[in-house]
Amino acid sequence: MWICAKRFSLLGKHLARVRLSLFANMSMKAVVVQEYGDSSKLSYEDVPIPEPGPGEVLVKNHFAGLNFIDTAVRKGIMKMVALGGIMGFEGAGTVEKLGAEVQDSSLGDRVAFAFVGSNAYAQFSKVATKYAVKVSDSLSMEQAASTLWQGFTAHAFACSSYPIKAGDKILVHAAAGGVGSLIVQIAKNAGAFVIGTTSTEVKAAKAKDSGADEVILYSQKDFVEEVNRITDGKGVNAIYDGVGKTTFLKNFDCLARRGTVVVYGGASGPPDPLNVGTLAKGSSYVTFGHFLHFVEDPAEYKQRANELFSWLAEGKLKFSGGITVVPLADAKKAHDMLEGRHTTGKVLLQP
């Protein structure tokens with residue numbers, strides 16, 4: 001029996017070596033930015049499969065998440081990917097190879113990740129285990145790949161920048177978008193009254209589906225006038241703004257006393273400069289940041305991720321805009337869809 005057990009052990013080690021050797025000197029498909037500019041600058045090409053180092057795992061990506069920040073990186077506005085580098089900051093897949101000193105991950109684990117440098121627009125990504133969050137069988141890989149980047153943004157700003165509480169009145173711009181719809185849901189779960197803005201009736205229906213109590217079509221009505229009408233001139237306690245230029249300065253005209261404007265993006269362009277005297281009108285607060293500053297600590301990263309996944313599994317969070325899957329080879333098309341505002345919910349790239 002001991003001899004058989006020893007043989008099986010040796011066989012297992014041999015198979016493991018064979019499995020790992022399959023990745024040696026092999027290439028994978030990836031989307032690389034060779035030159036900053038429009039979506040035509042994205043190149044779908046062969047690159048080497050990365051080798052996981054100590055404390056890292058190699059993940060076979062099932063999906064990569066597409067986010068607005070990717071378009072800014074592609075244009076060179078945010079140089080978070082060097083020329084010749086692989087695009088993408090978010091993905092989900094299965095662990096295919098372990099680096100040295102890895103103790104909290106196993107081959108075959110279903111994991112999701114979101115961090116700068118993950119190179120997620122590829123068939124494989126090298127991921128530090130501190131960023132690899134295990135995904136329960138109750139969630140699909142599409143859900144896992146759709147959650148963290150936008151979910152971290154919504155969680156950080158709705159739970160930390162201005163922690164929404166019961167009885168608050170909240171305004172969410174682009175309430176049918178990926179982050180906007182998540183903020184709407186987090187706010188409703190906290191017991192807030194939520195007003196959303198959208199551009200079309202179709203998107204208004206999506207925002208309603210997320211739980212918005214009132215939806216303003218900014219293409220037809222002035223959102224400041226409507227918010228003040230809905231709140232009897234008192235304004236809202238907090239405004240979550242991922243639109244930027246066309247909304248930012250107007251926000252302060254429908255903000256309640258000591259209210260907070262939380263800016264997290266600029267879909268319409270960078271916000272215009274703010275005269276600090278504007279804040280004196282209502283002793284207002286404003287913050288403009290990135291969720292990465294809220295997940296720098298690995299424990300906080302996993303705490304926020306696990307809470308988001310728990311909400312998803314419990315049905316407290318959903319992607320009302322749906323999930324659109326585009327082949328990785330068509331990353332250019334996906335970028336054009338996102339920039340043209342032809343999407344709701346989440347867009348995923350499938351290697």
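Tutor: Eight of the nine residues of strand 5 (residues 90–98) are buried, so strand 5 is largely enclosed by the rest of the structure. Buried here means under 20% relative accessible area with a 1.4 Å probe, protein chains only, and strands are DSSP runs of E with at least two residues, numbered from the N terminus. This is a predicted model, in which local features need pLDDT of at least 70 and side-chain atom pairs count only at pLDDT 80 or more, while totals for chains, interfaces and linings use all residues. Residues are numbered from 1 along each chain as its sequence is written, and side-chain values use heavy atoms, with hydrogens and water left out.

Student: Which residue in strand 5 stands opposite valine 57?

Tutor: Strand 3 (residues 56–66) pairs with strand 5 in the antiparallel sense over seven bridges, where pairing requires that DSSP finds at least two bridges between the strands. The residue of strand 5 opposite valine 57 is leucine 98.

Student: What is the bridge partner of glycine 93 in strand 6?

Tutor: Strand 6 (residues 110–114) and strand 5 are also paired in the antiparallel sense, over five bridges. Within strand 6, the partner of glycine 93 is valine 111.

Student: What percentage of the residues in the protein is buried?

Tutor: Along its principal axes, the C-alpha trace of the protein spans about 80 × 45 × 35 Å. Of the 351 residues in the protein, the buried ones make up 50%.

Conventions
Helices (H or I, at least four residues) and strands (E, at least two) are DSSP runs, numbered from the N terminus.
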